[in-house]
Amino acid sequence: MTLPRTAAFVRYLPFAVFMAFIGLDELLRLGADKGVVHLAETSLYYLYPVKALTVAVLLYRYRKEYTEISLKDLANVPVTLAACGVGLLVFALWIRMDWALGASGAPKGFDPGLLPGRGLQLAMTAFRVGGAVLVVPIMEELFWRSFLIRYIIDTHFADVPLGRFTWGSFLATVLLFGFEHHFVFAGMMAGAIYNVLLYRTRSLAQCILSHAVTNLALAIYVIYSGTWYFW
């Protein structure tokens, strides 16, 4: 089957597939809670590598379509260093904003110590770090900061310059980005800061880099501190 290659499709498909995997995860957890399916505590851990690899394959397949990602932008060293600093700022705020809505509390997250064997623990942790640092920032920035933030301004989003500001697109993407994450307020904070970075740099590459720095710092923090609920 040949998939379409519209400008919108290639930017929302990886994100949609990623969210579909999250939906499947939640559905299986609900089924386990209701006794419909039997799952070991770590059964759903094995879904993450499939999710990360599937999205990575899609991003690679459509890589030539993502012309708004210019690695040449990263040659601007002062801006690149600032983007890295912004990523660290988001991380520092994120770990202090672990507030969940309602009574849902903190999720258990991914704890590799529950897996059998050191080799499997390391492999699954590597998938988590790799997915968070190499896959998620590209997928999310393409969807949020390239596609949706411009699509809200004009459905012919490709005609909207990258980094154009409107209050409607800013607020909508901040709110939705927040609700994509379990820690909603931390998500909104991150969405707002990444949006501002886009407005200031007009560079999706810098946003991807900043997002990757945040996720890498969070991964190191989670592994070092054992605060698995952040994952």
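Helices (H or I, at least four residues) and strands (E, at least two) are taken here as DSSP runs, numbered from the N terminus. This is a predicted model, in which local features need pLDDT of at least 70 and side-chain atom pairs count only at pLDDT 80 or more, while totals for chains, interfaces and linings use all residues. Residues are numbered from 1 along each chain as its sequence is written, and side-chain values use heavy atoms, with hydrogens and water left out.

**Overall fold**

The protein chain has 7 helices and 0 strands. Its radius of gyration, taken over C-alpha atoms, is 18 Å, close to the 17 Å that the globule rule (2.2 Å times the number of residues to the power 0.38) gives for 231 residues, so the chain is as compact as a globular protein of that length. Along the principal axes, the C-alpha atoms fill a box of roughly 50 × 45 × 35 Å. Of the 231 residues, 45% are buried, where buried means under 20% relative accessible area, exposed over 50%, and partly exposed in between (1.4 Å probe, protein chains only). Among contacts (heavy atoms within 4.5 Å) with a separation of 6 or more, 75% are made by residues 24 or more positions apart.

**Salt bridges**

The structure holds 3 salt bridges, each defined as a side-chain nitrogen of Lys or Arg within 4 Å of a carboxyl oxygen of Asp or Glu.

| Pair | N to O distance |
|---|---|
| Arg11 and Glu68 | 2.8 Å |
| Asp25 and Arg29 | 2.5 Å |
| Arg145 and Glu141 | 2.8 Å |

The salt bridge between Arg11 and Glu68 links distant parts of the chain, since Arg11 lies in helix 1 (residues 9-33) and Glu68 in the loop between helix 2 (47-61) and helix 3 (77-94), 57 residues apart. Both Arg11 and Glu68 are buried.

Asp25 and Arg29 are 4 residues apart in helix 1 and are therefore separated by about one helical turn. Asp25 counts as buried because its relative accessibility is 14%, whereas Arg29, at 39%, counts as partly exposed.

Arg145 and Glu141 are likewise 4 residues apart, in helix 4 (residues 118-151), and so are separated by about one helical turn. Arg145 is buried, with a relative accessible area of 0%, and Glu141 is buried with a value of 0%.

**An exposed tyrosine**

Tyr224 is placed in helix 7 (residues 204-225) and counts as exposed because its relative accessibility is 74%. The C-alpha atoms of Tyr224 and Gly130, 94 residues apart along the chain, are separated by 17 Å.
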